[in-house]
Amino acid sequence: MSAAAVFGDDVQPALQVTGLAVEFPVERAVVRAVAGASFSVRRGETVALVGESGSGKTVSALAAMGLVDAPGRVSGDVRIDGQPVLGLREDQWRTLRGRKVAMVFQDPMTSLNPAHRIGRQVAEAIRVHDAEVSRHDARDRGVALLERVGIVPAAARARDYPHQLSGGQRQRVMIAMAIANQPDVLIADEPTTALDVTTQAQVLDLLRDLQHEMGLALLLITHDLGVVAGIADRVVVMYAGRVVEEGPVDAIFTSAAHPYTRALLASVPRVGAARGALRAIAGSPPNPGETVPGCAFAPRCSLAEERCVAHVPDLRPVAEHHRAACVFGDQIAAGRLAP
Amino acid sequence: MSMRVGDESGRARAESNDAGLAPTATVRSPRGGEWRRALRAFRRHTVAMIGLCFLVFVFLACFVGVRFAPSPTEQSLLEATHGPSWDHWFGTDELSRDELARVLHGGQVTLKLAIGVAILTTVIGVLIGAVAGFYRGWVDELLMRFTDLWIALPALPFLAVAVSIGTVSLGPLGSVDLGGPLGMTILLSLLLWGSIARVVRGATLSLREREFVDAARTIGSTNRRIIWRHVLPNCLGPITVNATLVVAEAILVESTLSFLGFGIQPPTPSWGNLLTNAISNIEDTWWLVVFPGAVIFLTVLAVNFVGDGLRDAFDPRRQVRA
């Protein structure tokens, strides 16, 4: 895919999230799991949403599916194919889920219903949206979907129960269910975290193939930078509920502009890199219940100065299609300043 | 192909398939669904199997064997009331009627009642429990307080009043004699559905947080579909166990109430009301107490054994690997 098509600003994003905030009231306080995140995914594009645990990745995705339950509060703007979806009624959401936007969860061990055969579960995904389809047709289409995601021999395996499948196969079944109604947007929440390494690669290959074939807008939530390098077109880095950097995958890996992204990259072992201790990021992320006045990363950042804690830095362009929320963004990206 | 293979080779095949290799053979794993697994575990539960055999025997005796027993109403005027004999295995009662025949006929009434109560309590309890657990919030609060109300209801005064009302009209559905078998089934169901509702609510509360419920929501499933397809099939274990235990409870409660005169009213025989008169003459006609009493005791014990067996069978922690 050409860079123009991937980064063309004229194309309407399949998923556009603007100023998303998700809050959960707890005893006499409010936890802001997401504090004003903005990102978008176009058709045919794979965007990796990266960040450590608690950075708001999964909650952002759930908000985009309309799955944040009360008492959680969602504000901002989420558009799926241009249609604003926040504030939709539950029955309106149901027509979107599966058909416009679908999701694959982290743990395939628990996301399949242990009481039903997998063929029936895939067929159910079809029948949920099309009551006209007969049981028989739904079953046949379900078998075809299983075949497509690499469960062979599909007709025989369709009669298996989830516990008879390996983790990778179960994740394939989850993917089959997610694509059953040709959604425009597919959100994959750490789809390979629970799998072993060889299986991870196969599942990622499958996702990439399906994405090309169906022109999916794929939002891949992960904390695995290896996965990011292998599959993503663009990367969105989240920290403490905010987007701190976004840009093309190459730019992120070669000239990351945010100290947090740099630190994240430095904490991952690389083949061929000089031997030495991996650099863990000092300190820990802020408690989501506390509100930090300035940059949330400032307390852990070696470059932090007074203006960093004074107010939250905006996302500013540091290169074409590459933005970072750091006052030193330009200098870090250019290599003039090293955190 | 229907080769039987163990779990390990099934797992091994799964892995090899994942590595992109063609499976070596299309052998189906012998492990089926939860029900089949539970059935296998149940069959290995000796005490439960003994209980089940005894129950089958009691049922056959009450519903089939009864045809070969003497009439329960025929009075043998030539014979005085006497103890067990070759002609009358359980002896004869104070009106010289065959006690065995009366126990078997009473068993028909009591067993039908117990099973009816189990079915009815399950329907009410599952419905209320699933809705309360799934929707939570004020729905849960309302339904569970309603459940508490029925659980807290003092059984004896409630039944005494209900039975004294006698026949009530249900409009187009006809009328029900609250002191008869059908009336008692309904009354006991009203008293006993609470525990099933609580069990199902608890199971639903935990099941609704499972990821496959979220997954079902992400494909656009409605709440009703989620309850039917994803929540209830996964609490069939506790539901079955509870229904079984309700059978035992219903037999005991019916016996107690009929014995006290609040239950099924004579001349309809039931295990409970067989004991009513017998107990006052226990020194002379001990067999009229011992035999029906033993039948009640053993049947309830057997039902409880089966219930224990089912509970173990559905408990994954106790599962022995095949």
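Two strands are said to pair if DSSP finds at least two bridges between them. Strands (E, at least two residues) and helices (H or I, at least four residues) are themselves DSSP runs, numbered from the N terminus. The model is predicted, so local features need pLDDT of at least 70 and side-chain atom pairs count only at pLDDT 80 or more, while totals for chains, interfaces and linings use all residues. Residues are numbered from 1 along each chain as its sequence is written, and chains are lettered from A and ligands numbered from 1 in the order in which they are written.

In chain A, strand S1 (residues 15-26) is joined to S2(A) by ten bridges, and the two strands run antiparallel. Within this pair, Val17(A) stands opposite Phe39(A) of S2(A). Both strands belong to an open sheet of four strands, ordered S2-S1-S4-S5 (chain A), in which the pairing is antiparallel. Strand S2 (29-41) and strand S5 (83-84) of chain A each have a single partner strand, so one side of each is left without a neighbour in the sheet. Helix H2 (residues 57-64) of chain A lies across S1, S2 and strand S4 (73-80) of chain A, and runs at about 110° to S1(A). Such angles run from 0 to 180 degrees between N-to-C directions, with axes taken as lines fitted to C-alpha atoms, for helices over the stretch in contact.

Another open sheet in chain A has eight strands in the order S6-S7-S8-S3-S9-S10-S12-S11, with mixed pairing. Its edges are strand S6 (101-104) and strand S11 (316-319) of chain A, each of which pairs on one side only. From one strand to the next, the twist averages 25°. Ala319(A) is placed opposite His322(A) of S12(A).

The bridge partner of Val101(A) in S7(A) is Val185(A). S7(A) is in turn joined to strand S8 (residues 217-222) of chain A by five bridges, again in parallel, and Leu186(A) stands opposite Leu218(A) in S8(A). S7(A), helix H9 (residues 197-214) of chain A and S8(A) make a right-handed β-α-β unit; right-handed means that, with the strands pointing away from the viewer, the path from the first strand over the helix to the second runs clockwise.

Five of the five residues of strand S7 (residues 185-189) of chain A are buried, so the strand is largely enclosed by the rest of the structure. In a regular strand the side chains alternate between the two faces of the sheet. On one side of S7(A) are Val185(A), Ile187(A) and Asp189(A), and on the other Leu186(A) and Ala188(A), all buried. In S6(A), Val101(A) and Met103(A) point one way and Ala102(A) and Val104(A) the other way, and all are buried.

A nonpolar core is a set of buried Ala, Val, Leu, Ile, Met, Phe, Trp, Tyr and Cys residues joined through C-beta atoms within 7 Å. The largest has 177 residues, and those with the most contacts inside it are Leu219(A) and Ala250(B). Helix H4 (residues 99-135) of chain B supplies the largest share of this core, 15 residues. Two residues are in contact if their C-beta atoms, placed from the backbone, lie within 7 Å. Beyond its neighbours within four places in sequence, Leu219(A) is in contact with residues including Leu15(A), Val41(A), Val185(A) and Ile187(A).

Chain B contains twelve helices and two strands. Of its 322 residues, 40% are buried. Helix H11 (residues 271-278) of chain B is mostly covered, with six of its eight residues buried; among them are Trp271(B), Leu274(B) and Ala278(B). The cover over the buried residues of H11(B) includes H4, helix H10 (236-260) and helix H12 (287-314) of chain B.

The contact between the chains takes 36 residues from chain A and 27 residues from chain B. H8(B) gives the most to the side of chain B that touches chain A, with six residues.

Methods
Buried ≥ 20, exposed ≤ 12 C-beta atoms within 10 Å, placed from the backbone.
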